[in-house]
Amino acid sequence: MKPIHLAAGVLAATVATTAQAETPVLTVYTYDSFVSDWGPGPVIEKAFEEVCDCDLQFVGTGDGAALLARVKLEGARSDADVVLGLDTNLTAAATATGLFAPHSVDVAYDVPMEWSDPNFVPFDWGYFAFVYNDGITPPKNFRELADSDLKIVIQDPRSSTPGLGLLMWVKAAYGDEAPAIWADLADNIVTVTKGWSESYGLFLEGEADMALSYTTSPAYHLIAEEDATKKAAPFSEGHYLQVEVAGKLAASDQPELADKFLDFMVTDAFQSAIPTTNWMYPAVTPKDGLPEGFETLITPETALLVPSEDAPALRDEALQEWLQALSK
Amino acid sequence: MAASPVQISRLGGIGAATLVVALIAAALGAVAWRAEGGYSLGPADWAAVRFTLWQAFLSALISVALAVPVARALARRRFAGRSALIALLGAPFILPVIVAVLGILAVFGRGGWVNQLLGYWGFVPLSIYGLGGVLLAHVFFNLPLATRLILQGWQGIPAERFRLAAQLGLTPRMVFRVLEWPVLLRVVPGALALIFVICLASFAVALTLGGGPRATTIELAIYQAFLFDFDLGRAAMLSLMQLGMAGAAAVLALWLVPQVSLTGGMGRMVRRWDAPTGVLRWVDAALIALAAAFLLVPLLSVVLSGLPGITALPANVFRAAWSSVWVSCVSVCVLLALALPMAGWIGTSRRGGVEAAGLLGFAASPLMIGTGWFILIYPFAPPSALALPVTALVNALMALPFALRILVPGVRDVVAAQGRLSAALGLRGWRLWLWVILPGVRPQVGFAAGLAAALSMGDLGVIALFADQDHATLPLQMYRLMGAYQMQAAAGAALLLIILAFGAFWICDAWGRRGAISE
């Protein structure tokens with residue numbers, strides 16, 4: 001193995017010297033839709049490069065779960081300096097890898113919960129919700145949904161982060177009664193898809209009355225398409241919260257730049273791009289407030305969230321219950 | 001080895017087969033090596049194994065059972081637009097899963113055309129989610145492939161035999177018994193095995209149309225093990241099981257395949273004397289029309305929904321399209337470099353055991369191959385730099401089983417027809433390939449290359465693991481558009497994908513058929 005290591009070392013050294021001779025490069029791993037043309041990626045890249053004297057490179061890696069898998073795969077030798085796009089269901093697992101370094105960001109977040117994670121900085125958040133088309137009477141909670149004839153399409157918690165969010169939502173709202181809720185919901189579920197895109201596509205094609213998405217999804221239709229017929233159904237149990245976070249890798253070769261990016265992340269330049277590109281709520285409301293149209297969205301009275309340290313254990317339990325209830 | 005009169009060197013075939021096995025084994029080994037935990041499977045995994053086997057078995061059975069009459073009808077009828085129709089029937093096979101699923105749902109779904117008609121007539125709407133939906137989609141994907149494979153075998157029957165049969169006054173039933181049955185025996189087991197293996201690795205179809213956790217396949221379990229649990233040990237175990245099941249299916253099917261070799265005819269256009277006009281003709285016409293409607297109407301709906309979006313596609317979609325074209329070209333080259341020597345070896349030996357090695361390429365989870373190679377490449381180079389070559393390589397591996405299934409019978413026939421003459425003339429090595437084998441199997445090479453090009457164009461497997469924003473392929477870009485609520489642009493991208501995949505297939509296939517000695 002020695003010669004190979006040597007070769008790798010030489011290769012790495014060459015890459016490092018050429019990189020340093022030019023503008024420093026900050027590599028940010030994120031999920032796919034963040035870097036798409038309509039996502040926040042392009043706007044944020046431009047805004048940060050204006051102030052950082054660096055080259056910001058986003059690398060898209062599937063969805064949030066794939067992001068963590070990628071970082072685990074690469075370990076301490078990862079090219080990434082910052083990982084952006086994990087959520088609180090994943091942060092405990094991410095912290096357990098020991099790959100992340102503490103941050104020094106200290107601002108007042110507009111997140112409906114107390115934020116005190118030493119390693120991760122929230123950049124946006126949203127509530128999961130079932131989105132429907134005008135014309136049906138939306139159920140007021142999971143029990144009403146289960147009793148109705150409404151057809152829903154959800155995502156598989158084994159392959160998608162929103163799917164996992166729904167699992168935690170039912171678990172957080174109903175605890176030990178969750179299996180019974182799932183059993184009652186079984187005949188409402190048209191199908192379970194691999195990811196959010198497939199579900200939402202099926203819903204828009206009319207395959208289901210409702211799809212698991214976010215309370216902010218109607219904002220997209222309203223603002224970008226001037227279509228006011230999509231609504232999110234308010235549930236009396238409260239809505240599960242997804243807080244999306246970013247963290248700095250301990251092995252980053254650009255630690256100062258990474259810190260600078262995390263600081264930048266909670267400023268207006270970054271946060272003002274979030275509502276109409278990522279279609280989520282900004283973690284720190286920009287001074288101009290939210291874009292017009294967001295005031296039409298429902299605002300749940302109760303925000304449900306499983307503490308991130310409890311998430312992995314609860315997830316395993318909830319997944320088993322879910323599989324059992326829906327496999328019958 | 002005295003089975004064949006032809007002196008095809010086995011070294012190339014052995015080398016290629018070894019390379020295939022090595023590429024997959026290295027990936028599996030890398031995953032297993034990085035696995036730190038134990039290697040255990042839970043009851044849910046076993047349920048996934050059972051469901052996977054069952055749906056794959058049914059899918060293969062139904063696809064092939066339907067393909068036989070359709071291929072027969074196509075084989076004995078001449079009509080305007082026949083070759084275009086045959087080419088067009090190949091389209092579902094190359095669609096990205098989500099595109100095909102949306103197309104199927106536009107026809108058979110809750111708000112689909114069929115249910116609208118049923119509702120209009122006062123019937124209860126039917127739901128296709130569940131095993132029925134999975135099978136429907138798998139038949140939609142695989143019926144064209146099975147039809148093409150069987151048709152190709154059928155068309156390999158020399159024209160003289162039909163002439164002879166006609167002179168002997170054989171009834172259609174007798175013609176079937178004497179001429180067609182042996183060909184079916186030769187082609188059907190392979191087609192069954194191939195489709196079985198394809199459906200083993202099914203994941204997104206089974207999940208989306210399966211209706212929920214009941215429809216869990218091994219591939220989903222692999223996905224979960226990699227992505228959420230990062231349990232490489234379990235992922236490796238599951239990958240190994242999938243490989244084992246596919247390998248066993250392949251070996252079994254190939255072992256059952258009797259050796260049927262047809263001696264060469266004069267290569268004239270096959271004229272069928274055994275299918276008189278009258279009822280039979282209408283039956284054939286109905287079969288062809290039904291199959292075409294089943295396959296083309298969903299496709300049409302995809303095209304229609306894509307049309308409004310295609311004019312407003314963003315630049316990065318075209319950049320991604322270019323990447324896809326590039327990957328597709330490389331993948332075809334790699335495929336032919338692997339498949340031709342292997343087909344030469346298999347085609348001249350008695351048993352097709354080597355073909356099992358080729359089938360492994362499809363049975364191996366792309367996620368497993370991708371992750372394995374990621375682990376292997378990572379110490380030496382940034383994986384994103386190698387994203388496209390690795391994707392091309394994996395795509396070639398995935399197309400290899402098709403290519404072998406298509407090429408091997410062709411090589412066998414060429415060897416049977418021209419082998420003794422070639423041997424007498426002392427042809428060997430590259431001259432034998434260039435002058436005898438390649439011209440003889442040109443239609444098969446074209447078809448195989450076309451399939452590989454199209455499959456590679458539509459593949460969304462490995463690239464997702466490696467890509468950064470500059471190396472996206474078209475299917476990946478399409479998913480990104482969907483993720484950004486850009487459903488219309490995504491539909492446009494899907495249409496572009498169909499055009500490209502189909503164009504690539506058409507070019508290769510037409511090249512092959514142009515040189516064909518008999519239509």
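**View 1. Helix H13 (residues 315–348) of chain B meets helix H20 (residues 474–483) of chain B, their axes coming within 7 Å and crossing at roughly 150 degrees.** That angle makes H13(B) roughly antiparallel to H20(B) (over 145 degrees counts as such). Axes here are lines fitted to C-alpha atoms over the stretch in contact, with angles from 0 to 180 degrees between N-to-C directions, and helices are DSSP runs (H or I, at least four residues) numbered from the N terminus. This is a predicted model, where local features need pLDDT of at least 70 and side-chain atom pairs count only at pLDDT 80 or more, while totals for chains, interfaces and linings use all residues. Residues are numbered from 1 along each chain as written, chains are lettered from A in the order written, and side-chain values use heavy atoms, without hydrogens or water.

**View 2. Here's who touches whom between H13(B) and H20(B).** H13(B) brings Asn316(B), Val317(B), Ala320(B), Ala321(B) and Ser324(B), and H20(B) answers with Leu474(B), Pro475(B), Gln477(B) and Leu481(B); contact means heavy atoms within 4.5 Å.

**View 3. Chain B and chain A bury about 5100 Å² between them, 60% of it on carbon and sulfur atoms.** Buried area is the accessible area (1.4 Å probe) that two parts lose on being put together, summed over both. In contact are 53 residues of chain B and 63 residues of chain A.

**View 4. Arg315(A) forms a salt bridge with Asp229(B), the closest N and O atoms lying 2.5 Å apart.** A salt bridge puts a side-chain nitrogen of Lys or Arg within 4 Å of a carboxyl oxygen of Asp or Glu. Chains B and A share three salt bridges.

Key
Helix = DSSP H or I, 4+ residues; strand = E, 2+ residues; numbered from the N terminus. Parallel < 35°, antiparallel > 145°, perpendicular 65-115°, else oblique.
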